[in-house]
Amino acid sequence: MQAQHHITDPHARGAHAARLLLQANVAYTDSNSGESSHIQRLNARQECRSYVEQALALEPENAGALGLLGRVELDDGQLEKAQLLFNASLNADSEQPQQYANLGYWALKSERPALAEQYFLQALELDRQSAAAFCGVAHAKRLQGQFDVAYLHYRKLLETGAEWASVYSGMLNCALHLNVERADGDLAQDAIALLRQEGLPHQELGRFVGAIIHQQYDLDNASAEIILDAACEDELLILALQKTLMPGAAIENLVTLLRRAIIAEVAQTVELRDPLQRLALAIGQYVDRTGYALAAQEDEERLVTAINDSIQAQLAMADSQDGMIGSLIISAMYGALFHQGFAVQLGQWNLTDWPLALQPVLAASYYQRASEEAIKQNFAEKADELALDKVDTPQAWPAWSQLAFRAENSLKSLMATELRLPTDHLPDTVRIMVCGAQSGQRAMELARYLSDVEVIAVDESLANVAKGTRMAGELGIENVVFWPWSIAQQFVADGHQVHWIEVGRLPSANLTSLSLAALVNDATSSGAVVHLHTTVTEQTRGDQHIRSLIADHALKPDHATVRQLRQLVLASHQDGHWQDLANDDDFFNLGACRDRWFCPQDTSQLKQLMAMVSNEVDWKLVKARDADGHSLATQPVQKQIQAEALGSEVQSLVGQGLSVYFCKRR
């Protein structure tokens with residue numbers, strides 16, 4: 001810095017400023033590298049700031065330097081400073097497409113997508129080839145709910161080689177909102193590309209992919225012919241079976257028919273020919289994801305029983321692995337290998353001892369279940385499962401396998417920029433508690449993408465606790481733990497506190513000793529944030545009718561009973577009484593059906609929690625979002641919450657799909 005004061009020649013000053021700006025741009029690129037840690041990116045951003053401030057000391061009106069400093073401020077969450085710098089840059093040079101694009105991204109961060117679109121279009125007028133501006137238009141269209149237009153923009157970006165993580169993520173988000181009304185080869189190729197792209201939450205594509213397959217196989221046509229060999233060559237179908245759960249009675253029937261066709265051929269030829277193996281393996285993965293919800297005919301069950309007996313005999317005779325691979329594939333299409341009588345003998349081999357193509361099925365059907373069972377032994381709640389048959393043991397739900405894409409960030413930074421809250425009182429590592437069943441994926445995403453947190457995920461389902469623990473270990477995520485409610489309650493009773501609480505699916509009435517409101521109150525102190533949703537799912541007419549049947553007939557939550565209840569719904573799934581239930585994604589997994597019918601959410605827990613946070617003396621509503629993620633004025637929402645706490649059902653927030661954030665005052 002001292003040397004700069006001695007540069008008096010204007011050309012020399014300009015050259016030195018240009019070199020500094022070049023170094024700043026390199027540092028800025030590093031600050032946005034997905035391969036760098038959050039700390040590395042912060043250091044690179046600080047280095048960029050240093051270089052650009054030196055450049056501006058030499059040339060205060062350098063348009064490029066002003067714009068770059070604006071990007072740094074934008075990344076730091078300083079929206080007002082960023083806007084002023086972008087405008088100052090344009091005042092110095094009005095023909096900069098980059099600065100209009102920067103203003104577009106500023107507007108997106110300011111939750112003004114329509115304004116953002118205008119800025120991006122201005123950038124494109126100056127530079128028709130600007131991929132950043134074109135991508136910005138796609139983001140703006142998506143945030144305005146124009147999902148079909150945004151989707152085509154993302155497709156165009158991929159076609160031109162802009163294969164950015166944000167493009168794939170945006171395209172996936174749009175795909176979730178598209179209506180597929182006819183067979184479309186381009187959509188099928190898009191779906192294949194998304195399913196092949198690593199780092200995306202493929203499980204979220206189930207409805208989109210299922211709609212495409214529904215049209216391709218003409219499943220609304222009762223006389224449509226399903227050709228087994230054609231299905232074996234269908235890359236989209238194979239990938240969908242491997243990576244998603246497709247909600248829809250017609251899709252479930254298609255998979256059931258394909259499975260029956262495979263086993264019928266095997267019964268006739270006593271062989272699983274090579275072209276069928278990939279499809280059979282994919283079906284094995286798929287039915288595991290459904291919790292083995294698919295119904296089978298009596299002749300299928302008899303044949304599978306015979307195949308399982310054959311595997312048992314082969315293992316007793318110490319036959320080679322190769323001789324039983326076909327039988328294992330068939331068996332895995334109908335039930336978890338972990339539940340079979342020969343399961344213990346399979347444990348003599350490691351997963352990697354098996355052929356590569358077979359490993360995903362064996363992992364899901366045997367090895368992962370064995371690992372999770374070992375994890376369960378560490379918790380007292382395991383005693384509740386000891387009297388159950390293996391097949392009746394509750395399974396984990398949701399069937400997530402991949403985390404959603406996020407840019408790594410800091411929770412304290414988000415609290416300061418998004419919620420406008422002070423963070424000086426917070427420790428270096430902020431403790432988050434994710435409360436409520438089905439907390440696994442959300443807890444893992446918080447732990448992976450926030451650099452300054454430790455996460456406690458609390459779940460009613462011991463299966464979810466075990467799955468989350470196993471997956472955290474496999475992904476190397478060390479700043480998250482998964483606990484049942486009993487341990488979380490003891491943790492709070494021992495005086496430990498948390499700085500952020502998220503409430504997901506509500507606990508069921510089975511947890512008679514739990515008061516969610518009391519736990520939240522005891523676990524938090526001044527400055528803590530509580531994030532909750534006002535929607536209570538699983539409340540369809542069909543759900544209520546099923547719960548009545550369970551109560552009237554004292555039904556037990558075993559595998560066979562839940563299957564029979566599902567078949568009751570499927571038999572009349574187009575009837576108005578059952579339609580909402582049969583269209584729910586969760587209906588297509590047996591574990592999810594067990595949860596919603598035998599362990600339904602206790603809505604009184606949410607009402608008590610809402611009543612507690614409605615007290616403005618102790619709590620302040622700092623942010624509210626609608627179902628589309630748009631920010632709402634907090635005062636009207638606060639009035640509704642208070643009215644509901646006073647017993648006004650007319651203004652009830654429950655069911656409105658809001659996401660609300662409260663900060664504890666004292």
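**Figure 1. Strands E5 and E7 pair antiparallel in a predicted model**. Strand E5 (residues 529-533) is joined to strand E7 (residues 659-664) by 5 bridges. Two strands pair if DSSP finds at least two bridges between them. Strands (E, at least two residues) and helices (H or I, at least four) are DSSP runs, numbered from the N terminus. His533 stands opposite Ser659 in E7. In this predicted model, local features need pLDDT of at least 70, side-chain atom pairs count only at pLDDT 80 or more, and totals for chains, interfaces and linings use all residues. Residues are numbered from 1 along each chain as its sequence is written, and side-chain values use heavy atoms, with hydrogens and water left out.

**Figure 2. An open sheet of 7 strands**. The order is E3-E2-E1-E4-E5-E7-E6, with mixed pairing. Strand E3 (480-484) and strand E6 (619-625) are the edge strands, each pairing on one side only. On average, neighbouring strands of this sheet are turned by 20° against each other, direction ignored. Axes are lines fitted to C-alpha atoms, for helices over the stretch in contact; angles run from 0 to 180 degrees between N-to-C directions.

**Figure 3. Helix H22 on the sheet**. H22 (residues 462-475) lies across strand E2 (453-459) and E3. The helix runs at about 165° to E3.

**Figure 4. Helices H23 and H24 pack at an angle of about 40°**. H23 covers residues 485-493 and H24 residues 516-523; their axes are 10 Å apart. The two are therefore oblique to each other. Angles under 35 degrees count as roughly parallel, over 145 as roughly antiparallel, 65 to 115 as roughly perpendicular and the rest as oblique. H23 passes H24 in a left-handed crossing (the near helix is turned anticlockwise from the far one by less than a right angle). Trp485, Gln489 and Val492 of H23 make the contact with Leu516, Leu519, Asp522 and Ala523 of H24 (heavy atoms within 4.5 Å). This contact has 5 nonpolar, 1 polar and 1 charged residues. Ala, Val, Leu, Ile, Met, Phe, Trp, Tyr, Cys and Pro count as nonpolar, Asp, Glu, Lys and Arg as charged, and the others, Gly among them, as polar.

**Figure 5. Helices H3 and H4 pack at an angle of about 165°**. Their axes lie 8 Å apart, with H3 at residues 63-75 and H4 at residues 79-92. H3 and H4 are therefore roughly antiparallel to each other. Their crossing is left-handed. Residues of H3 in the contact include Ala63, Gly64 and Leu66; among those of H4 are Leu79, Lys81 and Phe86. By class, the contact of H3 with H4 divides into 10 nonpolar, 4 polar and 3 charged residues.
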